Amino acid sequence: MSRNRRIPRHGLRPNPSGVHFLVAEDVVRTLVRTCEPGPHELVVDFGAGPGVMTAAVARTGARVLAVERDPEFVATLERRFRHTDRVRVIHGDLRTVALPRKDFLVVSNPPYSTSTALLRRLLGPRRPSLTRAALTVEWGFARRLVTATSASRELAWWTGRFDVELIRRVRPDCFRPQPTVDSAVIAIRRRRLSPAAERLLIDLLDAASREPSRSARALVRHTGIPAAHRLLSRCGLEPGFRAGAVTPRVWATFAEVATARRE
Ligand SMILES: C[S@@+](CC[C@H](N)C(=O)[O-])C[C@H]1O[C@@H](n2cnc3c(N)ncnc32)[C@H](O)[C@@H]1O
């Protein structure tokens with residue numbers, strides 16, 4: 001199948017609100033393959049529009065919640081998926097709609113104006129139910145996520161507990177209308193941290209964002225973990241490194257290893 005094969009435009013209308021609809025099949029395939037929904041897993045498509053992503057995910061056998069705010073798209077979605085019980089259409093705002101309490105996945109091309117609000121909802125809570133996600137976001141936003149250090153508090157909180165990976169760059173002509181900037185597909189996977197590791201990670205991120213110029217060695221000295229500086233080296237970190245420049249992923253590894261030794 002050619003890379004640029006275009007998706008049939010189910011119910012696409014003029015777009016006054018600045019959202020960009022996916023028209024490149026290979027990007028849809030990348031999103032689904034990145035998240036790998038298993039049969040019967042629950043997947044949320046935020047901003048489902050005419051249902052391009054919803055249809056691709058439903059074909060894997062997963063159950064899909066298609067969340068859409070626009071009543072005309074809601075009617076299109078209801079018509080399009082009326083013959084399958086794998087898709088439930090929810091007329092609502094992705095910034096406020098109730099999220100599943102049980103584990104769920106996200107495969108979505110949401111409006112970029114909602115990226116931060118959406119990630120805040122998905123990655124922010126102390127006990128998140130999100131396990132994996134594949135999303136499109138603006139290229140610059142994707143770069144900020146994957147290069148986040150502990151000095152930036154919110155991004156550190158997100159990327160300490162979730163692994164965020166840049167999967168590919170997406171050119172503007174993969175969307176209609178075309179955005180003015182490049183986009184990215186990102187993968188998000190929750191780390192399975194024990195409660196003790198998560199508590200230690202919170203303390204470390206907190207301390208690193210308050211005193212980013214301190215050395216990592218000085219920061220872990222106060223955790224009471226025996227030979228903490230040697231553990232830092234085992235986690236690939238030079239103990240003299242500035243705490244604020246350490247990636248949250250490294251602090252998460254440190255927290256896992258340190259608390260596993262104590263248990
Ligand atoms: C970028 S389009 C993506 C549509 C479709 N998923 C695709 O890839 O072609 C975003 C969709 O989100 C809807 N939308 C915009 N703001 C929303 C919000 N706050 N809550 C839910 N849906 C929203 C728009 O109506 C639009 O259908």
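Helices α4 (residues 115-123) and α6 pack at an angle of about 50°, their axes lying 10 Å apart; α4 and α6 are therefore oblique to each other. Axes are lines fitted to C-alpha atoms, for helices over the stretch in contact, and angles run from 0 to 180 degrees between N-to-C directions. Angles under 35 degrees count as roughly parallel, over 145 as roughly antiparallel, 65 to 115 as roughly perpendicular and the rest as oblique. Thr116, Leu119, Arg120 and Leu123 of α4 form the contact with Glu154, Trp157, Trp158 and Arg161 of α6, contact meaning heavy atoms within 4.5 Å.

The model is predicted, and local features need pLDDT of at least 70, side-chain atom pairs count only at pLDDT 80 or more, and totals for chains, interfaces and linings use all residues. Residues are numbered from 1 along each chain as its sequence is written, and side-chain values use heavy atoms, with hydrogens and water left out.

Helix α6 (residues 153-161) also meets helix α7 (residues 195-210), the axes coming within 10 Å and crossing at roughly 150°. Helices α6 and α7 are therefore roughly antiparallel to each other. On the α6 side the contact involves Arg153, Ala156, Trp157, Gly160 and Arg161, and on the α7 side Glu198, Leu201, Ile202, Leu205, Asp206 and Ser209.

Strands β3 (residues 63-68) and β4 (residues 87-91) pair in the parallel sense over five bridges, where pairing requires that DSSP finds at least two bridges between two strands. Helices (H or I, at least four residues) and strands (E, at least two) are DSSP runs, numbered from the N terminus. Glutamate 68 stands opposite histidine 91 in β4.
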